[in-house]
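Visitor: I have a model open and would like to talk through its inside before I set anything up. Could you bring it up so that we can go over it together?

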Amino acid sequence: MTIVSRRTLLRGSLAAGLAGPALFAAESARAAGPIVKPLPPGLFNVFGTNAETRWESLRGTGYHTPIDRFFVRNHTSTPLIDHRTWRLDVHGSGVRRPLRLSYADLRALPAREVSAFIECTGNGRSFFTSQQGQTVSGTAWKLGAVGVARWRGVPLSRVLGLAGVKREAVDVMPVGLDAEWVDGSVNRGHVRRPFPIAKALDDVLLAYEMNGEPLPPDHGFPVRVVVPSWIGIASIKWVGSIEVSSEPLSSPWDTNYYRLFGPSHPAEGSAPLTEQVVKSAFELPFPATVGAGPQQLTGRSWSGGGRIRRVEVSTDGTTWRRATPHGAAGRDGWLRWSVPWRPEPGTYQLRARAVDEHGHTQPEQTEFNRLGYLFDAVVRHPVTVV
């Protein structure tokens with residue numbers, strides 16, 4: 001596997017017939033920094049190695065999040081990897097035949113396409129402080145660390161089948177090719193996190209396309225893992241190897257992090273986190289200023305626990321109205337919705353709450369955890385009407 005310059009990456013992609021708008025955007029983004037694609041302030045709030053989508057930029061964009069405004073979560077910096085030398089190694093005590101696949105090998109296998117959200121586990125973290133008055137650590141995301149894309153690739157189950165999964169296999173751990181991550185003075189190694197073999201054989205995808213284009217560098221080129229409905233850390237970007245084990249696997253990303261730590265949890269933390277929680281967001285700036293008079297409030301709701309069945313909106317802090325759904329609710333995606341509003345000048349706190357098909361809903365307050373994970377409470381969205 002080779003890390004290459006932007007220019008070399010582009011030339012190689014052109015030669016392979018892979019160039020698209022996303023790759024041209026990567027080539028034009030010459031500014032030094034941990035993220036390759038342009039980050040205009042109208043589309044993103046930037047937090048160092050991370051970039052949060054501004055929700056107002058999604059209004060009118062359709063179901064899938066455009067690549068140019070899909071959030072970025074990096075531990076270090078986006079690597080630029082030459083797909084011609086990239087290899088995927090499948091190995092471990094849980095397979096009979098260790099396997100090495102090239103990019104061309106993977107693309108030659110039968111493909112599948114899914115629409116699914118990927119969401120950082122800390123999405124909404126800032127509201128622990130701003131709404132609940134609690135101090136937590138980590139990137140102060142509002143609600144923009146989420147996006148839904150149309151992912152195309154090879155089911156992980158097919159690749160594991162080629163490697164001959166043993167009956168006693170229990171865990172699968174993809175490993176990323178980005179730089180090793182140092183937390184303080186501790187080198188945690190390459191980003192990696194295990195999940196059960198049952199999940200691996202169910203709906204996990206090795207994706208090489210996003211919204212009909214080759215994956216852009218910031219989103220995992222040449223290949224990433226997509227684990228539908230689970231917390232974002234499970235969907236390892238720039239995957240280079242996958243260990244399949246007949247013994248339980250672990251990494252810092254399911255022991256030191258991505259558990260719930262706090263007074264309501266054991267000293268070692270909760271069990272490793274898996275599914276995402278229910279959330280809702282308005283397609284408005286935060287805070288927002290709008291004009292008086294009739295208008296449509298629009299937003300989206302999603303859940304790792306199932307399709308969204310109902311969304312309610314409150315504009316006065318007391319009463320709730322049923323929002324009108326637009327399109328179908330995706331199993332691993334979101335539901336778009338709207339509600340009419342005719343405000344007078346003044347200040348308001350808009351609220352939206354959703355219920356999924358299994359009855360999971362949004363509480364008034366999320367139970368505290370020190371790392372600020374899984375904020376699912378109803379967010380109070382400040383709006384000034386002029």
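Visitor: By class, what residues does the lining of the largest cavity have?

Guide: The lining of the largest cavity has 10 nonpolar, six polar and five charged residues, where Ala, Val, Leu, Ile, Met, Phe, Trp, Tyr, Cys and Pro count as nonpolar, Asp, Glu, Lys and Arg as charged, and the others, Gly among them, as polar. Please keep in mind that this is a predicted model, in which local features need pLDDT of at least 70 and side-chain atom pairs count only at pLDDT 80 or more, while totals for chains, interfaces and linings use all residues. Residues are numbered from 1 along each chain as its sequence is written, and side-chain values use heavy atoms, with hydrogens and water left out.

Visitor: Which residues lie nearest the centre of the largest cavity?

Guide: Of the 21 residues that line the largest cavity, R73, R224, G232, S235 and K237 lie nearest its centre. The elements that give two or more residues to this lining are strand 3 and strand 6 (112-119), strands being DSSP runs of E of at least two residues, numbered from the N terminus.

Visitor: What volume does the largest cavity have, and how many cavities of 30 Å³ or more are there?

Guide: The largest cavity has a volume of about 290 Å³, and the structure holds two cavities of 30 Å³ or more. On a 1 Å grid over the protein atoms alone, a cavity is a set of points where a 1.4 Å probe fits but cannot get out, whereas a pocket is an open set with protein on both sides within 12 Å along at least five of seven lines, and lining residues have an atom within 4 Å of a point. Grid points are joined across faces, edges and corners, and a volume is the space filled by probe spheres set on the points.

Visitor: While we are on the backbone, what is the phi of S229, and is the residue buried or exposed?

Guide: S229 has a positive phi of about 75 degrees although it is not a glycine, and S229 is buried, with a relative accessible area of 3%; buried means under 20%, exposed over 50% and partly exposed in between, with a 1.4 Å probe and protein chains only. N211 has a positive phi as well, about 55 degrees, without being a glycine, and N211 is buried at 18%.

Visitor: Switching to packing, which residues touch the most other members of the largest nonpolar core?

Guide: L106 and W151 do, in a core of 64 residues, a nonpolar core being a set of buried Ala, Val, Leu, Ile, Met, Phe, Trp, Tyr and Cys residues joined through side-chain atoms within 4.5 Å. The largest share of this core, five residues, comes from strand 12 (residues 205-210). A second, separate core of 20 residues includes V278, L284, V290 and L297.

Visitor: Last one: why is one side of strand 1 left without a neighbour in the sheet?

Guide: Three strands form an open antiparallel sheet in the order 1-2-3, where strands pair if DSSP finds at least two bridges between them. Strand 1 (44-47) and strand 3 (72-73) stand at the edges, each with a single partner strand, so one side of each has no neighbour in the sheet. Strand 2 (residues 50-53) is joined to strand 3 by two bridges, and the bridge partner of A51 in strand 3 is V72.

Conventions: Helices (H or I, at least four residues) and strands (E, at least two) are DSSP runs, numbered from the N terminus.
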